[in-house]
Amino acid sequence: DRAFREFTLKSYDDASISSILKDLGMAKGSFYQYFENKRALFDYLTGLVFKTKYTYIMAVKREEYDSFWDYSRAMYEHGLGFDRDHPLMSNFGYCLNENMDSPTVRETFINWQKEGFETIKTMVKAEIDAGNFRNDIPLESAAMFFMSMGKQIIDQLRMTSLNDFQERIAAGRPLLADGNEELLFSIVDQNFKLLSAALDKK
């Protein structure tokens, strides 16, 4: 938990292994038995967050929903569960964009974006092949619209919420759960309405 807080409250370059070890009362030698350096710890924490959130999201099965948009909304609901159950991981994930400004880890961030984009492309293509989405829009463009929407939803929530995200992060509280649910899903539904109008096959 202390390591998550260090990388959440500070940029990657400003985060300090010495600070973490001091707070934990741990010797440096003990740390280096498990991690080669700061980057190794950061990569481990990032992988742990993605793996944990993935278990929540992948519990949602496409075949259980009539429409892609109901399916996608359910993934947001499960993502909310991740935020509620693992607030420190959720805070860390939210702050990843700021951490990725560091040239040290920028390439890794770009690779994660590419992997996410390929996953979304696969989802969108399945809807096109099933006759649910239009096939006259380039697959890459449709996937990018959907990928960008995720960030847009969070940005819109951050700007319109009465709850200050930075205050929640400082306190180690969930960002989306415990007070933001109704507003979040109102924004999700608004964005889905816009995107479905563009992608759904009439």
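Contact here means heavy atoms within 4.5 Å, and helices are DSSP runs of H or I with at least four residues, numbered from the N terminus. The model is predicted, so local features need pLDDT of at least 70 and side-chain atom pairs count only at pLDDT 80 or more, while totals for chains, interfaces and linings use all residues. Residues are numbered from 1 along each chain as its sequence is written, and side-chain values use heavy atoms, with hydrogens and water left out.

In helix 8, Gln113, Phe117, Ile120, Lys121, Val124, Lys125 and Ile128 meet Leu139, Glu140, Ala142, Ala143, Met144, Phe146 and Met147 of helix 9. By class, this contact has 10 nonpolar, 1 polar and 3 charged residues, where Ala, Val, Leu, Ile, Met, Phe, Trp, Tyr, Cys and Pro count as nonpolar, Asp, Glu, Lys and Arg as charged, and the others, Gly among them, as polar.

The largest nonpolar core has 34 residues, and those with the most contacts inside it include Phe68, Trp69 and Leu184. Such a core is a set of buried Ala, Val, Leu, Ile, Met, Phe, Trp, Tyr and Cys residues joined through side-chain atoms within 4.5 Å; buried means under 20% relative accessible area, with a 1.4 Å probe and protein chains only. Helices 5, 8, 9, 10 and 11 each give two or more residues to this core, and its largest share, 7 residues, comes from helix 11. Leaving aside neighbours within four places in sequence, leucine 184 is in contact with Leu80, Ile153, Leu157 and Leu176. A second, separate core of 24 residues includes Ile17, Phe35, Leu41 and Met89.

Arginine 168 lies in helix 10 and counts as buried because its relative accessibility is 1%.

Notes:
Buried < 20%, exposed > 50% of the residue type's maximum accessible area, 1.4 Å probe, protein only.
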